[in-house]
Amino acid sequence: MADDSGPPDNGRPAAHRDPMATAPAGVALAFTGVGKTFPDGTEALREVSFEVRDGEIVAIVGPSGSGKSTLLRMASALTMPSSGTVAVNATAPGYVFQDPTLLPWRTVAGNVGLLAQLDGVPRAERRRLVAEAISLAGLTGFERHRPTALSGGMRMRVSLARALTVRPSLFLFDEPFGALDEITRQRLGQEVVRLHGQERFAGLFVTHSVVESVWLASRVLVLSARPGRVLAEIDVPFDYPRQPELQFDAAFGRTARTVSEALRESFA
Amino acid sequence: MTAVEQPRPASSVFSAPPSGLARGARAPSRRARTVQAVLPPLAVLGTVLGIWYAVSYLALAPRRRFLLPPPHEVATDGFGNWSAFHEILTGLGETAKVALVGLGVAAALGTVVAVLMSQARWVERSFYPWAVVLQTIPILAIVPLIGFWLGYGFRSRTVVCVLIALFPIITNTLFGLRSVDAAHHDLFTLRHAGRWARLVHLEIPSALPAIFTGLRISAGLSVIGAVVGDFFFREGKPGIGSLIDGYTRGLESAPLFAAIIMTSLFGLAVFWAFDLLARLTIGGWHDSGRRS
């Protein structure tokens, strides 16, 4: 069904898959020596190891094709690693895709409630979850709109709200704001940090933007070109909540520069 | 809550054009648009009627005029003659019954077959080639066989109709069920959604536009199938097809033309009905459901 696009091995959910290892206490997600080679011989990732601790946001930057999305797909068991182990401390992580992936025939409320519905959450409880997520994501008043009637930024908010309903302890973001304009992108980035402050989830955030990575994360991983390896792991020394103006700070500039330089190396 | 991007109200999208601009740039009023939509086809109709008159009166000698009687004769002798028109309406009713039952059976059968094929590769591998074969058999070649087996009445007519209308429903539905966005499937996979939830909440709604495309094609085909059935199977009350055949043999061209026009109008009505149904069902979210 879904197997004619994306990596060739991303078939149906498979009950026969090995249960994923559980991460040690205090760690939301741990990759240990993870490699991925697709059936067509493409080696996407080699020997990748890193951790995301509880309540921490880690950003990943890297050239196109460095396996960033594959990494997220492995963290959520959509794809299995070829070698190494992926340990996750969440039964089903929240996943925010590159596209909003909304169901066009459902209203905003219907889309936000989808995951809880698939989980079999009773209707009354679901309604409460949906109302809460809609208000958290700033969608109040748009409950009955169809996705086609919304702007790109609003659709992304719906996608965020949908992921929030399942209260994940781990959030995976696959370049969610890449297609949006600069201002909308910044605003949604602020929303993510604000939600993170309230919900205290751990996050793994894939992005192309150095500024976005430094502004959002407490650590930035730089991946090499294919096959992707972790080239650098850079600590971001700023406390949350962070203000948008932070990006004009000299210290911010220095960190961004370190990330930028590592990233430039990755293209070499 | 900060920073909510409001969708722009449609009225603010265009600013008023500066005065003195070419008249084509001005937004036409609703009435003007209706005129624009109705006038050109009416003009074509008028031209066709004119050519029709010209052929009847100028090209055909009076004794050969029965080949194409002028439009007003079709109106008076075909539509205006109550006993002839009554016969036509009754025949059309019989044919409509066959077409609608046939379409209903084809829609139900085709959808079920397509869903089964989408759920299990082996079903598709086993049956799809035969569905193609069914489609490639010249249906007229096996119509006599159907009569031979099932008799020459309603049942055989309906079977012919189903055979003709079935294939587009299977292919379009299957195509729709298979064209679901891979990211949407991932979304369901992440929640460990089962086959049924996937089918009901994702695959079938995604396939609705394609299903309606198939239904619209098959609606037209079912009318053709029913008329073909009339030609071959004449037990019971005559359908419009056998009336058309009879008028042709009897050189009764006015009722013949009236019958053909009524059959066409029926086909159009069925097509419109499905267009309307599609618009009511998926018009809110899919482009194909809007005005076509």
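Predicted model: local features only at pLDDT ≥ 70, side-chain atom pairs only at ≥ 80, totals over all residues.
Figure 1. In chain A, 75% of the contacts with a separation of 6 or more come from residues 24 or more positions apart. As for burial, 47% of the chain's 268 residues count as buried. If you're tracing the fold, look out for eight helices and nine strands in chain A.

**Figure 2. The overall dimensions of chain A.** Follow the C-alpha trace of chain A along its principal axes and you get a span of about 50 × 50 × 35 Å. Does that go with a compact globule, or against one? A compact globule of 268 residues would have a radius of gyration near 18 Å, and chain A comes in at 18 Å, so the two agree.

**Figure 3. Chain B, built from helices.** Here you'll count 10 helices and zero strands. Reading chain B from the N terminus, the order is simply α-α-α-α-α-α-α-α-α-α. Of its 292 residues, 33% are buried. Contacts between residues 24 or more positions apart make up 73% of those in chain B with a separation of 6 or more.

**Figure 4. Where helix α6 of chain B meets helix α8 of chain B.** Helix α6 of chain B covers residues 154-178 and helix α8 of chain B covers residues 195-232. Their axes come within 7 Å and cross at roughly 160 degrees. Angles over 145 degrees count as roughly antiparallel, so that's how α6(B) and α8(B) lie to each other. The crossing of α6(B) and α8(B) is right-handed. And what sits in the contact between them? The residues there split into 18 nonpolar, 11 polar and three charged.

Technical notes:
Residues numbered from 1 in each chain as written. Chains lettered and ligands numbered in written order. Helix = DSSP H or I, 4+ residues; strand = E, 2+ residues; numbered from the N terminus. Buried ≥ 20, exposed ≤ 12 C-beta atoms within 10 Å, placed from the backbone. Contact = placed C-beta atoms within 7 Å. Axes fitted to C-alpha atoms, helices over the stretch in contact; angles between N-to-C directions. Parallel < 35°, antiparallel > 145°, perpendicular 65-115°, else oblique. Left-handed = near helix turned anticlockwise from the far one by under 90°. Nonpolar A, V, L, I, M, F, W, Y, C, P; charged D, E, K, R; others polar. Rg over C-alpha atoms; globule rule 2.2 N^0.38 Å.
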